[in-house]
Amino acid sequence: GEVPAGLEVTLRGFDEMRPVITQTTTLQPDGSYIFQEVDMPAGRAFLVTVDYQGTVYGSDIAIAQADLPLLDLPVTIFETTSDASILSADRLHIFLEFLDDKTMRVIQLYILSNPTNKTLVASEEGQPTVRFSLPEGATNLEIQDGVLGERFIETEDGFGDTVSIRPGAGSYELLYAYEMPYDRKLDLVQPMSL
């Protein structure tokens, strides 16, 4: 696609994981950018980020070296889509843990891929990009990367994640757990939307 002119590019420098530099510049019409007169002591780590259509994209991390006065930090950005059918489930792991003789914890790990050249974004702000169904009777939802009401939102049959999903194999992972009532047996009915 076309690289939009005028996009803001941010450079960050770190000494031993401590932020020490933040500078911004504007993308040139040819898609290039340059930061002038940056202090580059050997060992300082640098990263460039670009916010494009609501998703932050970053370069690889580069480490300054005493004999290298220039660092090349390209950033790849992608056009977007809100069509979640582009996702594919690479793996789903389900673990069962007996908490006591009346309660079973179900732990699920999803690994998803976006095999396209577009970043999946929500159709509207605050809406999920990907949805997960919970079985009837599920309680005490725990999500490894957050809680409901922030990045994750409640849906009519479970919950959704509002994060953008970039192109790539295994580009999205989610681990969550919930509890189910257990009385010597359990019929676990788990709808799959992917």
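The model is predicted, so local features need pLDDT of at least 70 and side-chain atom pairs count only at pLDDT 80 or more, while totals for chains, interfaces and linings use all residues. Residues are numbered from 1 along each chain as its sequence is written, and side-chain values use heavy atoms, with hydrogens and water left out.

- Strand 1 (residues 8-15) pairs with strand 2 (residues 18-26) in the antiparallel sense over eight bridges, where strands are DSSP runs (E, at least two residues) numbered from the N terminus and two strands pair if DSSP finds at least two bridges between them.
- The hairpin of strand 1 and strand 2 has two residues between the strands, and Glu 16 takes a positive phi near 50° there.
- Strand 1 is also joined to strand 3 (residues 45-52), by six bridges, and these two run antiparallel.
- Leu 11 stands opposite Gln 23 in strand 2 and opposite Val 48 in strand 3.

**The open sheet 10-13-12**

- Three strands form this open sheet in the order 10-13-12, with antiparallel pairing.
- Strand 10 and strand 12 (152-155) stand at the edges with a single partner strand each, so one side of each is left without a neighbour in the sheet.
- Neighbouring strands of this sheet are turned by 30° against each other on average, direction ignored; the axes are lines fitted to C-alpha atoms (for helices over the stretch in contact), and angles run from 0 to 180 degrees between N-to-C directions.
- Four bridges connect strand 10 with strand 13 (residues 158-161), and Arg 131 has Gly 160 in strand 13 as its bridge partner.

**Surface patch**

- Leu 92, Ile 94, Leu 96, Leu 188 and Met 192 form a nonpolar patch on the surface, together having about 400 Å² of accessible area, computed by the Shrake-Rupley method with a 1.4 Å probe, where for residues only the protein chains shown count as cover.
- Patches are made of residues with over 30% relative accessible area and no salt bridge, joining like charges within 9 Å and nonpolar side chains (Val, Leu, Ile, Met, Phe, Trp, Tyr) within 5 Å; a salt bridge is a side-chain nitrogen of Lys or Arg within 4 Å of a carboxyl oxygen of Asp or Glu.
- Ile 94 lies in strand 7 (residues 88-100) and is partly exposed, at a relative accessible area of 40% (buried means under 20%, exposed over 50%, partly exposed in between; 1.4 Å probe, protein chains only).

**Glu 125**

- Glu 125 sits in the loop between strand 9 (118-120) and strand 10 (130-133), and counts as exposed at 84% relative accessibility.
- Glu 125 and Tyr 33 are 92 residues apart in sequence and 30 Å apart in space, C-alpha to C-alpha.
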